[in-house]
Amino acid sequence: INAEYGGDERDMLYAKFNQLQKEQSESHIARVELIGREVEDIRAVQANTLSRLQQLKRKHAELTHRVLQVMVDVEVQRKAGFSLQPEEEHLRVQLEGIQQELNAPNQFKGRLSEMLSLIRMQSINETNINNANSVESGVLAGVHSHLSRQQDGISHLLNIIQDDLEYLTIIKQGVTDKQSTVVV
């Protein structure tokens, strides 16, 4: 390059190169910012869509329940004035028996109350455990930097020990060589 171009031309080429590189960097930064804004817009649309989906699911469940209630009312109106059929009477007797079992104070209600209190206690314990295990990010960063410094110190000590071992090996060889020359 020095042979083809003089000092001024070379400086102009470097200046032009730096200018083009700066323009390219600025265009890349602008494009990244534009993509970032588009991603944020897409995330907002996704959040709105998920919210709308949940709302529609809830409305669907409500309408399904309402249709079921209307079907029950229609069936009741259709069967009004007729006597119960034998299978309906059998089903009524079974349901009444189940209701009596559920209403017995020492049976299911007691067990249900006991289970409910156990679930509440577990929920409280999990909340306490989650609060106890949560660590502030500043504390976590401090611990991380401290451990990093310790690791750096240990690696430095290992390097020193390895160097010392090499020196000891050299010294040992020197002593062995000296002893072999004295013995001869």
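A residue counts as exposed when its relative accessible area is over 50%. Ile-154 reaches 53%, so Ile-154 is exposed. Ile-154 sits in helix H4 (residues 137-183). Together with Leu-158, Ile-161, Leu-165, Tyr-167, Leu-168, Ile-170, Ile-171 and Val-175, Ile-154 forms a nonpolar surface patch of about 920 Å² accessible area.

The model is predicted. Mean pLDDT for the protein is 84, and 88% of the residues score at least 70.

The fold holds 4 helices and 0 strands. Of 184 residues, 1% count as buried. The protein exposes about 17300 Å², with 60% supplied by carbon and sulfur atoms.

The whole structure contains 4 salt bridges.

| Salt bridge | N to O distance |
|---|---|
| Glu-75 and Arg-78 | 2.7 Å |
| Glu-89 and Arg-92 | 2.1 Å |
| Arg-92 and Glu-96 | 2.7 Å |

Shared partners join Glu-89, Arg-92 and Glu-96 into one network. Glu-89 and Arg-92 are 3 residues apart in helix H2 (residues 86-103), so about one helical turn separates them. Arg-92 and Glu-96 lie 4 residues apart in helix H2, also about one turn. Glu-89 is partly exposed at 30% relative accessibility, Arg-92 at 34% and Glu-96 at 41%.

The pair in helix H1 is Glu-75 and Arg-78, 3 residues apart and separated by about one helical turn. Glu-75 is partly exposed at 37%, whereas Arg-78 is exposed at 52%.

Note on methods: Residues are numbered from 1 along each chain as its sequence is written. This is a predicted model: local features need pLDDT of at least 70, side-chain atom pairs count only at pLDDT 80 or more; totals for chains, interfaces and linings use all residues. Side-chain values use heavy atoms; hydrogens and water are left out. pLDDT is the predictor's confidence in each residue, from 0 to 100. Patches are made of residues with over 30% relative accessible area and no salt bridge: like charges are joined within 9 Å, nonpolar side chains (Val, Leu, Ile, Met, Phe, Trp, Tyr) within 5 Å. Accessible areas come from the Shrake-Rupley method with a 1.4 Å probe; for residues, only the protein chains shown count as cover. A salt bridge is a side-chain nitrogen of Lys or Arg within 4 Å of a carboxyl oxygen of Asp or Glu. Helices (H or I, at least four residues) and strands (E, at least two) are DSSP runs, numbered from the N terminus. Buried means under 20% relative accessible area, exposed over 50%, partly exposed in between (1.4 Å probe, protein chains only).
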